[in-house]
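Here are my notes for you to read alongside the model. Keep the viewer open and find each spot as you go.

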Amino acid sequence: MDSPGTPPAPAAPVNTTSPDSPNTPDSPNTPDSTATADAGTDAGAPVVLSLEHVSKSFGAVRAVIDGSIELRAGEAHALVGENGAGKSTMVKILAGVHQPDSGTLLVNGQPTELHGPAGAIGAGIAIIYQEPTLFPDLSVAENIFMGRQPLRRGRRIDGREMTTEADALFARLGVRIDPGRIARGLSIADQQVVEIAKALSLNARVIVMDEPTAALSAVEVARLFDVIAALRADGAAVLFISHRLEEVFEICQRVTVMRDGRHVLTSPLAGLTTGDLVRAMVGRDMPERVAGERGAPGAVQLTAQRLTREGVFTDVSFEVRAGEIVALAGLVGAGRSEVARAIFGIDRYDAGTVTAGGRQLRKGSPTAAMTAGIGFVPEDRRQQGLVMEMSIQQNVALASLATLRKAGIIRASAERSFAADWAVRLSVKYGRLTDPVSMLSGGNQQKVVLAKWLGRRPSILIVDEPTRGIDVGTKADVHNLLDRLAGEGIAVLMISSELPEVLRLADRILVMREGRLAAEFTQAEASEESIMAAATGQLEAQER
Amino acid sequence: MTATLAPHREPGSPAPASSRRLADRVFRIREFGIVAVLVVFVAVTASIQSRFLSSTNIQFILVDATIFALLALGETIVVISRNVDLSVGSVLGLSAFLTARLASNTHGLPLPLVFLAGIGIGLLCGIVNGLMVTIGRVPSLVVTLATLYIIRGADVLIVGGGQVVPSSYYPSFLTISKATVAGIPDLAIVVAVVIAGGAYWLRTYRSGRELYAIGSNPDAARLAGIPMGRRVFTAFALSGAIAGVAGVLWASRYGTVDSTAGTSYELQVVAAVVVGGVAIFGGSGSVVGAAIGALLLQTINSALYVLGVSPNWDQAIAGFLLILAIVLDRLISLRLTASLRRRSARRGA
């Protein structure tokens, strides 16, 4: 690596382009800068990495048009923007996965080209991807050190040393994961921890975290933030990408906003408000939605009676009425998604019953659940919700083929008009209906999943993390949509780890902890504090 | 937060130790399962027909199984990386004929040179496979299905209707597969050492572990900066070279070589690998397991013969065993997943 401390000539904050960008960092009217940037980076800290005016196109799609980021030693720098703003492409450029079409990458002031992921690792850049990239068949320790295993005589892998080092990393992270176990079966949060340990083991000077908190519970997020603070103290630069703006304000000192593939603003966070960021991201003001005034809920649509699956969830009973949104809150791993999957018949359960529309459902049969009028929007839309290679219209029509076919044959025209109808209703932004659904942004993909189920006119809709990884603008769309659906009399069961979302949408909130229902709140009773208290047990709650 | 203050656990504290024991147990079950089947099978067969355990018969089984185990070693290396090499039977055939002709035409050629020729022929085929898979980015199933026919075709063209017969060799060529130490064929010992070496490489060297990583999650392997092309290419080259060596051994064992040598071996080898507990989609399994799988299939063939079962049954029984192995494998991995999940649930992760 090149010697640090030689900041390049154009190191000044790149603060350009957008006419409607909010107040800039130079504006002196920021008296209240105590909250976030207290320990903040002094402007003189060396710039360890910068991307200047990079662009990247994929075929006709211009993913990044003019992107710039500048990271200083010892700072946590947020990169925010709506989905499709070009953040992921920027990450992949830093990861060495994509080479920019134009623009420069400077590492410690030296123009650098990254030839593949190994080049990025060699340049001291570690990436923690949104979706963990582990080897399920290999041990946790091997996952951390793959390609860089400690060696002993004869270039053999020193397994004992590897275990010791992995233990030391986990100790630093304050978690207990057995380095010898295989990665398959780790919870998403633990997988994330392994990814972080991997980044730590690289002694990277730049650590990019792409939505690291999306799958984490509050406790785990707090733990991650401690790690970020420690990394900063060591002089590393952290690029933090998140849709949760509260987190950005909590942990970061500076922010870069992107919109439509362009750099919009780089600024210290002190003095900015969430509203400022959102305006910069979407280029307009976000309407703050007031809790919907829906009528009183109707008849019971969905009942779970003492559902139990050994080792996963125990004795879960609840009901959802027509026109009501019931949220299942709790930490990741509390068994919420598993309950939903059992209700929809994807997973089996050992005891208990599920009743939908007055009829008891056969165990383990999604077909039975669908016939009973249940729609299911799964947690992982890429893997479970969509067929990524198929077109938008095929995906929308997928659950309704029975009604679309004539004499057993599905005509593209019927499929198209059906899909177009729903795409308009959910305001999906797309090029052509025949484009593969993989070309859409995350938020629009989620709308396609919703359209797929709504096309069946369900009386019960189960949504699992409906807005995970979705940008602010589309998130509001999805919220409004769920509200409207409940208003139309659909019984909605929503699983969400985002408490503001739960509080905003749900009529009732059920909190799960360690596979059991721990508490139930009405909208009026619930608060972030009370839900977290129930989800974590009282102990953590008091500490908060 | 409490979490960050959690004390660093001492190595060997109860929770991880027990899980390591669990993992050990499962891995042991994987190979011990096949060994158990093998032992039971031998015992039952021997109790019906004691001739089965005669030293001659054991030697035949071992030599035949040795050739398959060698092929299974190469195949395992490829399968672990989430690929497959269907050309091994054809490579064996080509190498067997060419080296047999070499050994019968040029008496006095040192044996190591004959082996080198076999390795060279196999390596060449493996390199072609490897280049098409890594640079051509053609799925290995397609590539090696094509080379299976191409190499067999070349073999048929070269051999024509002819064959090499045992009497034409110099004697030492035939004794390669006959010499024994304490009743165990030299060949079996040498191949066992080679397989042990392969197992050691896959377990303790970075390049070996990276093959597992590639098979376990190719996308993650790419992001980890693993030179995937080079590793996969090496796997195919090795598999080819090993098939080349197996060809020499085959010629020595059977003596008479024509253009059909090694026909449909590829499927038996893949079967042995899968029976031996190697995941067909890569990422897990061991060469030792695969070798035992090869031994098991060979033992079954021989047992059916000794018991007087019509050879017509061989294939049906091999297929049945394959399904049995896959079912066992699935049950074990389901149990493992369930127990891991229960454990993390208890831990409140």
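1. In which loop is A:Arg457 found? Look between α15 and β19 of chain A: that loop holds A:Arg457. (Helices and strands here are DSSP runs, H or I of at least four residues for helices and E of at least two for strands, numbered from the N terminus.) Phi of A:Arg457 is near 50 degrees, a positive value in a residue other than glycine. A:Arg457 counts as exposed because it has 11 C-beta neighbours inside 10 Å. (A residue is buried if 20 or more other C-beta atoms lie within 10 Å of its own, exposed if 12 or fewer, and partly exposed in between, with C-beta atoms placed from the backbone.)

2. Before going on, a word on what you're looking at. This is a predicted model, in which local features need pLDDT of at least 70 and side-chain atom pairs count only at pLDDT 80 or more, while totals for chains, interfaces and linings use all residues. Residues are numbered from 1 along each chain as its sequence is written, and chains are lettered from A and ligands numbered from 1 in the order in which they are written.

3. Now find A:Glu465, in the loop between β19 and α16 of chain A. Phi of A:Glu465 is also a positive value in a residue other than glycine, near 50 degrees. Is A:Glu465 buried or exposed? A:Glu465 counts as buried, because 24 C-beta neighbours fall inside 10 Å.

4. Six strands of chain A form an open sheet in the order β18-β19-β20-β15-β21-β22, and the pairing is mixed. (Two strands pair if DSSP finds at least two bridges between them.) β18 (374-377) and β22 (516-522) of chain A are at the edges with a single partner strand each, so one side of each has no neighbour in the sheet. From one strand to the next, the twist averages 20 degrees. As background, strands of a sheet pair through backbone hydrogen bonds, either parallel or antiparallel.

5. Zoom in on one pair: β19(A) (residues 460-464) and β20(A) (residues 491-495) pair in the parallel sense over five bridges. A:Ile462 has A:Leu493 in β20(A) as its bridge partner. Helix α16(A) (residues 472-487) packs on the sheet and touches β15 (325-330), β19 and β20 of chain A. The direction of α16(A) makes about 150 degrees with that of β20(A). (Axes are lines fitted to C-alpha atoms, for helices over the stretch in contact, and angles run from 0 to 180 degrees between N-to-C directions.) Helix α15(A) (residues 442-454) lies across β18 and β19 of chain A and runs at about 170 degrees to β18(A).

6. Next, strand β6(A) (residues 125-128). A:Ile125 and A:Ile127 point one way, A:Ala126 and A:Ile128 the other way, and all are buried. β6(A) pairs with β9(A) (residues 206-210) in the parallel sense over four bridges. Opposite A:Ile127 stands A:Val208 in β9(A).

7. Have a look at A:Leu106 too, which sits in strand β4(A) (residues 102-107). A:Leu106 is buried because 20 other C-beta atoms lie within 10 Å. A:Leu106 and A:Leu51 are 55 residues apart in sequence and 6.4 Å apart in space, C-alpha to C-alpha.

8. Stepping back, chain A is divided into domain 1 (48-134 + 186-281), domain 2 (136-183) and domain 3 (300-543), with bounds that come from an automatic or database domain assignment. In chain A, 12 residues of domain 1 are in contact with 15 residues of domain 2. (Contact means that the C-beta atoms of two residues, placed from the backbone, lie within 7 Å.) On the side of domain 1 of chain A that touches domain 2 of chain A, α5(A) supplies the largest share, eight residues.

9. Over to chain B, which has 14 helices and two strands. Of its 349 residues, 45% are buried. Helix α9(B) (residues 206-216) and helix α11(B) (residues 228-254) pack at an angle of about 100 degrees, their axes 10 Å apart. They are therefore roughly perpendicular to each other. (Angles under 35 degrees count as roughly parallel, over 145 as roughly antiparallel, 65 to 115 as roughly perpendicular and the rest as oblique.) B:Ser207, B:Glu210, B:Leu211 and B:Ile214 in α9(B) meet B:Met228, B:Arg231, B:Val232 and B:Ala235 in α11(B).
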